[in-house]
Each structure stands twice: as C-alpha cells, then as structure tokens.
Amino acid sequence: MATERTLSIIKPDATRRNLTGKINAKFEDAGLRIVAQKRVQLTKAQAGEFYRVHAERPFYDELCEFMSSGPVVVQVLEGEGAIAKNREVMGATNPADADPGTIRAEFADSVGENSVHGSDAPETASDEISYFFAGRDIVG
C-alpha cells in the first residue's frame, strides 16, 4: 500500500467541545501523521465552494451553515493508505452505525454534526488539500 495524503477537517461541533487533541490522538494512534494543520473560520460562501459537489442535495444549505458556524481545524494526514485509514478511524457518517472506538461513535452529536470530514478518494483528497493548503505549507 502506498503512502498517501488526505484532508481531514475537525468540524465546529468538535472544536466547540475542545476535542481537537483527542481526535488527533486517534489519527496518530492509527499511524497517520499530521503534516499540515490550521484552525480557520469558514464563511458560508467558502463552505459552499468546498462542498459544491453536494450543491443539489437537500442538506447542502444546512451543511454550509453548520460548517461556517464556528472554527474548524483543517489538516493533511499522511501515511500508508491514509485515505482508507482516515475513513476507518472516523467511522460511519451516522454515529449510530459507527464502530465502537471510532471518532464518530465517541464524539459525534448526530449525522449532520458528526465531528469530522475526510476525503473519499485520491482525486478528492488532492482537490480538497489544495483548497486549504499550498504545497509549501505541507511539511512531511
């Protein structure tokens, strides 16, 4: 399995509850390295641009409102099979379906406020990383 990079976002529900360190410990314990990180406050327009792939879905406006409701931590995770590993550590989108020990099982409030976002494919990861980070910002 190849070394990959993926985008991770710690969402407003988790930053509001000061869970950044606990969430990052789960990533690091799974063998992922944080090679770039910053705390940002998205505007609704920025959230809309980032989630534009969901623009036609019924939850889009609510998602953009939520993602701009407080600070988020955006970061690049690196490791062997980082995309799949990140998704495994996050758990199912619906916390009721997430495996015990996953981020969403432990910290998510609901399907909508599920504490974390992660890229789902190499192309998506590349696009999402470049939305927040320039190449010089990523230090392996």
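Visitor: What makes strand 1 and strand 4 a pair?

Guide: In this predicted model, three bridges join strand 1 to strand 4. Pairing asks for at least two bridges, so these strands count as paired. They run antiparallel, and one of the bridges links Ile 9 to His 117 in strand 4.

Visitor: How do you know that strand 1 pairs with strand 3?

Guide: The same test applies. Eight bridges join strand 1, residues 3-10, to strand 3, residues 72-80, and the requirement is at least two, so they are a pair. This pair is antiparallel too.

Visitor: Why are strand 2 and strand 4 called edge strands?

Guide: The sheet is open, with four strands in the order 2-3-1-4 and antiparallel pairing. Strand 2 (33-40) and strand 4 (116-118) each pair on one side only. From one strand to the next, the twist averages 20°.

Visitor: Which helix packs on the sheet, and what does it touch?

Guide: That is helix 7, residues 122-132, which touches strand 1, strand 2, strand 3 and strand 4. Its direction makes about 55° with that of strand 1.

Visitor: Why is Pro 71 called neither buried nor exposed?

Guide: Its relative accessible area is 28%. Buried means under 20% and exposed over 50%, so Pro 71 is partly exposed. Pro 71 sits in the loop between helix 4 (60-67) and strand 3.

Visitor: Which residues does Pro 71 touch, leaving out those up to four places away in sequence?

Guide: Pro 71 touches Lys 11, Pro 12, Thr 15, Arg 39, Val 40 and Gln 41. For Asp 29, 42 residues apart from Pro 71 along the chain, the C-alpha separation is 24 Å.

Visitor: Where does the lining of the largest pocket come from?

Guide: Helix 3 (44-50), helix 4, helix 5 (82-90), strand 4 and helix 7 each give two or more residues to it. Helix 7 gives the largest share, five residues. The pocket holds about 760 Å³ of space and is lined by 28 residues, with Tyr 51, His 54, Phe 59, Leu 63 and His 117 nearest its centre.

Visitor: How do the residues of that lining divide?

Guide: The lining has 10 nonpolar, seven polar and 11 charged residues.

Note on methods. Residues are numbered from 1 along each chain as its sequence is written. This is a predicted model: local features need pLDDT of at least 70, side-chain atom pairs count only at pLDDT 80 or more; totals for chains, interfaces and linings use all residues. Side-chain values use heavy atoms; hydrogens and water are left out. Axes are lines fitted to C-alpha atoms, for helices over the stretch in contact, and angles run from 0 to 180 degrees between N-to-C directions. Contact means heavy atoms within 4.5 Å. Buried means under 20% relative accessible area, exposed over 50%, partly exposed in between (1.4 Å probe, protein chains only). On a 1 Å grid over the protein atoms alone, a cavity is a set of points where a 1.4 Å probe fits but cannot get out, and a pocket is an open set with protein on both sides within 12 Å along at least five of seven lines; lining residues have an atom within 4 Å of a point. Grid points are joined across faces, edges and corners, and a volume is the space filled by probe spheres set on the points. Ala, Val, Leu, Ile, Met, Phe, Trp, Tyr, Cys and Pro count as nonpolar, Asp, Glu, Lys and Arg as charged, and the others, Gly among them, as polar.
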